[in-house]
Amino acid sequence: MSRRLADGIQADPPHPDRPVETAVVALGANLGDRVATLEAAVADIRRLPLVDGIRVSPAIESVAVTLDGPDAAAPAYLNAVAIVRTRLAPTVLLGYLHAIEARHGRVRRERWGDRTLDLDLIAYGDVRSDAPALLLPHPRAAERDFVLEPWLALDPDAVLPGRGRVDALLADLRNRR
């Protein structure tokens, strides 16, 4: 018998808990029962491990955005933003968000196509990442009033890392129209 086994199993020294971070998640749906889907997705996020708080904006309706631009003929989206307090690493949180999408029938056939549920990780604290699997902050968040408006409703002092205050980004976006 190995002496090490005879001495018993020693647990790894405890690691300090991962610090709590604030993540911003955009929710959207334009197929099926959009309200029920968003409510179920929020409930799923609440049940995630290491998530101890979630605030959700009121939902707003928006025109579908496709690769060719806004498409008023496509089913309209219902959009909201959730601010989540979590100890999950950003890649783990994103993996859970993708699993929630899949549970709600999300199929990734067409980029920017219609979908039962879309969950985008917009920001995770001040983390910045250019990794293909984790782009943070979300590269198009500053161009999306359906992200900025509900986010601002939850947090009037919100800042999109590297881009600036959400209220200023939204005002600039509206002024360009």
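Residues are numbered from 1 along each chain as its sequence is written, and side-chain values use heavy atoms, with hydrogens and water left out.

The protein chain has an average pLDDT of 88, and 87% of the residues score at least 70. Over residues 1–16 the pLDDT is below 50, and beyond near neighbours in sequence this stretch has one contact (heavy atoms within 4.5 Å) in the model. Where pLDDT is low, the predicted coordinates should not be read in detail.

Helices (H or I, at least four residues) and strands (E, at least two) are DSSP runs, numbered from the N terminus. Strand β1 (21–29) has seven of its nine residues buried, where buried means under 20% relative accessible area, with a 1.4 Å probe and protein chains only. Two strands pair if DSSP finds at least two bridges between them. β1 runs antiparallel to β6, joined by nine bridges, and V24 stands opposite I83 there. β1 also pairs with β7 in the antiparallel sense, over six bridges; in β7, A26 has D120 as its bridge partner, and L27 stands opposite L119. Six of the seven residues of β7 are buried, so β7 is largely enclosed by the rest of the structure.

Helix α2 covers residues 34–46 and reaches 18 Å from its first C-alpha to its last, close to the 18 Å expected (1.5 Å times one less than its number of residues). Its buried residues are T37, L38, A41, V42, D44 and I45. They lie on the same side of α2, because they cover an arc of only 160° around the axis, taken from the directions from the helix axis to the C-beta atoms. These residues pack against β1, β2, β6, α3 and β7.

A nonpolar core is a set of buried Ala, Val, Leu, Ile, Met, Phe, Trp, Tyr and Cys residues joined through side-chain atoms within 4.5 Å. The largest has 26 residues, of which L27, I45, L93, L119 and L121 touch the most other members. At least two residues of this core come from each of β1, α2, β2, β6, α3, β7 and β9. Apart from it lies another core of 19 residues, among them V81, L154, L160 and L173. Leaving aside neighbours within four places in sequence, the contacts of L27 include L38, A41, V42 and I45, as well as V81 and L119.

Key:
This is a predicted model: local features need pLDDT of at least 70, side-chain atom pairs count only at pLDDT 80 or more; totals for chains, interfaces and linings use all residues. Buried means under 20% relative accessible area, exposed over 50%, partly exposed in between (1.4 Å probe, protein chains only). pLDDT is the predictor's confidence in each residue, from 0 to 100.
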